[in-house]
Amino acid sequence: MTHTLTVLVENTPGVLARVAGLFSRRGFNIDSLAVGRSEDPGISRMTIVVEGDDQILEQVTKQLHKLVDVIKISDVTRDDFVDRELVMIKVNTESSTRGEIMQLVDIFRARIVDVGPKTLTIEVTGYESKINAFENSLRPFGIIEMVRTGKVAMLRGFRSTTLNNNHKKEDTNSG
Amino acid sequence: MEITVAEALVHCLEQENVELIFGYPGGAILPVYDVLYNSTIKHVLVRHEQGAVHAADGYARATGKVGVCIATSGPGATNLVTGIANAYMDSIPIVVITGQVPVSQIGTDAFQEVDITGITIPVTKHNYLIKDPKQLPQVIKKAFHIASTGRPGPVLIDLPKDVAQAKVKFTYPRNVQLPGYKPTYKGHPAMVSQASKLIMDSKRPVIYAGGGVKISNAAAELRNLAETISAPVTHTLMGLGCFPGDHPLFLGMLGLHGTRYANLAVTECDCLIAVGARFDDRVVANLQGFAPNAKVIHIDIDPAEIGKNIRPFLPIVGDVKLVLESILKVIKKRKNSEWVAMVQEWKRKYPLSYSNEGTLKPQLVIEKICEAAGSSAIIVTDVGQHQMWAAQYYKFDEPHSFITSGGLGTMGFGLPAAIGAQMGAPGRPVILITGDGSIQMTLQELATAVEQKLPLKIFVINNRQLGMVRQLQEFYCEKRHIAVDFHFDLDFAALGKVYGMAGYIIETPEQLVDQLPEIMLAEGPVMVNCLVSGEENVLPMVLAGSNINEAID
């Protein structure tokens, strides 16, 4: 099963290496990892998508907790949350296909951010299945380059994964 | 008043009550050594950086304090890595300080530059590269705090040369701010009461005690628990010493080379109380066959150990001493005569044994050292057959009396660790039991031992081979022995004399008994070359794929 973790870390040099290294060292697979500054400038928020059963997830969370720079881990998987990913796709364009591609851009509520003589660069955000569908529909035209930010996630409504908010799925030490 | 960061560093160490530093100087760390010149902290010059880190480790194990070592950048730092990993695996509190090239040169492949914080991420509890001079006091405070609290471990501080020379206003912080580091000490009351009920309901309880009991200073509570509920106590290699070896409830070590009765008791028990132990593969062997009838209570300060190898019936995260205290408040004294009698019968029926015919047997050497040493002695070992025999045949009765490389199994650990232990506990006899393979890995530290006038007693259990590997080849490679025999008979007694030590050769049981009293009373360091039989195997032995109750002997 795929799990989405929101991890608050101290904004220190090397923290990304510590987290990424832990996953490879302990044999856990990261599907996606996105990191950036949070609402508190001293703290970064990571969204990590990881594949594994509950037992693996328990180990992942506990091992992450052992990193001194990791402040808080919330597994939001079973909660109501919004997740998004931003993708840019550069696609081959001929004068004969340009119209069709622009229609697809409309349908998927994507945006054209750059126009070249033989290319269009398109930005699209959304949840994973939408992005995958968009990518597949562009493939016949020839995708030259694609870049994805990795998934970011946030709980819906009043609840949050901030420091002082006691999110119910927050990992508590067994015991 | 402004002082240099190097001066501030030494002030910080003094504030942390550091008395001793083991180290080896070099270019990038020069500013720090220049300050040590005027410090009250004693610096012990080793002969190789690996010696410094193992010595700091041995010092920490003997004293319970944080061990400190220091080295220069590049090769100085990389030479520490094995020792850092060793301390990490055995949860030993050490602070490691390394020099680094100036900040402006970092990342340029400068002379003696290595990314030691990157290299040691997997083998430290935490590490720091200090780029801003103002960070230093807070970093040192954090380093000592992290190393010594919760589940202890090594912390490395990498200090660039120009940072060490920069000037700062110095105040030593009183508190640490670590929002992401909050160890759990008190066991959850609901878990404690459930555990107490489980213990009282059990008919055949066994306590499985690990290194956590020593770290938490919980030997008294452990004994109290065992005696209150009449539960036999078995130990991991790291746990030996935390329960008296001559106690009727003592079962010795369990696992791959454990006693037959300990492994039987674990297999037959209905409640296994794991205290500060981590169900390591050398203990458990075959996961499915381990304690198949038991409800497992797992007490550990590290939540990540719970459920890592074995899913306990009842987990308690907390400091072993505090958790045992709270359990002891609830449970009542009771007798378990039938179960205790059954275990006693196994002890009678399946004792550890070896044939004492023919040449000098290594097991006998251990037993005689044990008889001669007295209970205040600290026994340090290296890694291999002699280590297992020491674990099996030496009767420890004091928690800080056995120092050995458990998790990493580092050959070469023994001599420098014994130096550290002796310097930390000058009033206690320190005895190194090593092998002819192991001691040659860090032999250069004999010079350090002599230079520091340490009364170490070094017993080389010399079988002129790498005995443990030879044993493995015997069982797993149909006796195809390769790369295990030393075709060079090193005279360790003569070698000791070259270094200025007293040297002895022991070839027979009679010589052993005759000479031991004199050896034990010697004032300076002593090297004893014990020429033992080369055919002995460490038994019992649980072969790969077997359950722990199916050992061969």
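Is B:Tyr59 buried or exposed? At 4% relative accessibility, B:Tyr59 counts as buried, where buried means under 20% relative accessible area, exposed over 50% and partly exposed in between, with a 1.4 Å probe and protein chains only.

A word on the model before the close-ups. This is a predicted model, in which local features need pLDDT of at least 70, side-chain atom pairs count only at pLDDT 80 or more, and totals for chains, interfaces and linings use all residues. Residues are numbered from 1 along each chain as its sequence is written, chains are lettered from A and ligands numbered from 1 in the order in which they are written, and side-chain values use heavy atoms, with hydrogens and water left out.

**View 1. Rings in chain B.** Over all chains, the structure holds 11 aromatic pairs; rings of Phe, Tyr and Trp (its six-membered ring) pair if their centres lie within 6.5 Å, and planes under 30 degrees apart count as stacked, over 60 as edge-to-face and the rest as tilted. B:Phe22 and B:Tyr59 make an edge-to-face pair, with 6.3 Å centre to centre and 65° between the planes. B:Phe22 sits in strand 2 (residues 20-23) of chain B and B:Tyr59 in helix 3 (residues 49-63) of chain B, so the pair ties together parts 37 residues apart in sequence. Helices (H or I, at least four residues) and strands (E, at least two) are DSSP runs, numbered from the N terminus. B:Phe22 is buried too, at 0% relative accessibility. Elsewhere, B:Tyr208, B:Phe279 and B:Phe290 form one aromatic cluster.

**View 2. An arginine over a ring.** B:Arg260 lies over the face of B:Tyr350, 5.7 Å from the ring centre. For a charge to sit over a ring, NZ of Lys or CZ of Arg must be within 6 Å of the ring centre and within 35 degrees of the ring normal.

**View 3. The chain A sheet.** Four strands of chain A form an open, antiparallel sheet in the order 2-3-1-4; two strands pair if DSSP finds at least two bridges between them. Strand 2 (30-37) and strand 4 (70-75) of chain A are the edge strands, each pairing on one side only. Five bridges join strand 1 (residues 2-10) of chain A to strand 4 of chain A, and A:Leu5 stands opposite A:Asp75 in strand 4 of chain A. Helix 1 (residues 15-25) of chain A packs on the sheet, touching strand 1, strand 2, strand 3 (43-51) and strand 4 of chain A. Here contact means heavy atoms within 4.5 Å.

**View 4. Helix 16 of chain B.** The buried residues of helix 16 of chain B include B:Leu364, B:Val365, B:Ile366 and B:Ile369. Among the elements covering the buried residues of helix 16 of chain B are helix 17 (385-393) and strand 17 (430-435) of chain B. Just after helix 16 of chain B, B:Gly374 takes a positive phi of about 85°.

**View 5. Around B:His235.** B:His235 is found in strand 10 (residues 233-235) of chain B and counts as buried, at 0% relative accessibility. Not counting residues up to four places away in sequence, B:His235 touches residues including B:Ala209, B:Phe243 and B:Met253.

**View 6. Around B:Arg47.** B:Arg47 is found in the loop between strand 3 (42-45) and helix 3 of chain B, and counts as partly exposed at 28% relative accessibility. B:Arg47 and B:Tyr24 are 23 residues apart in sequence and 7.4 Å apart in space, C-alpha to C-alpha.

Notes: Axes are lines fitted to C-alpha atoms, for helices over the stretch in contact, and angles run from 0 to 180 degrees between N-to-C directions.
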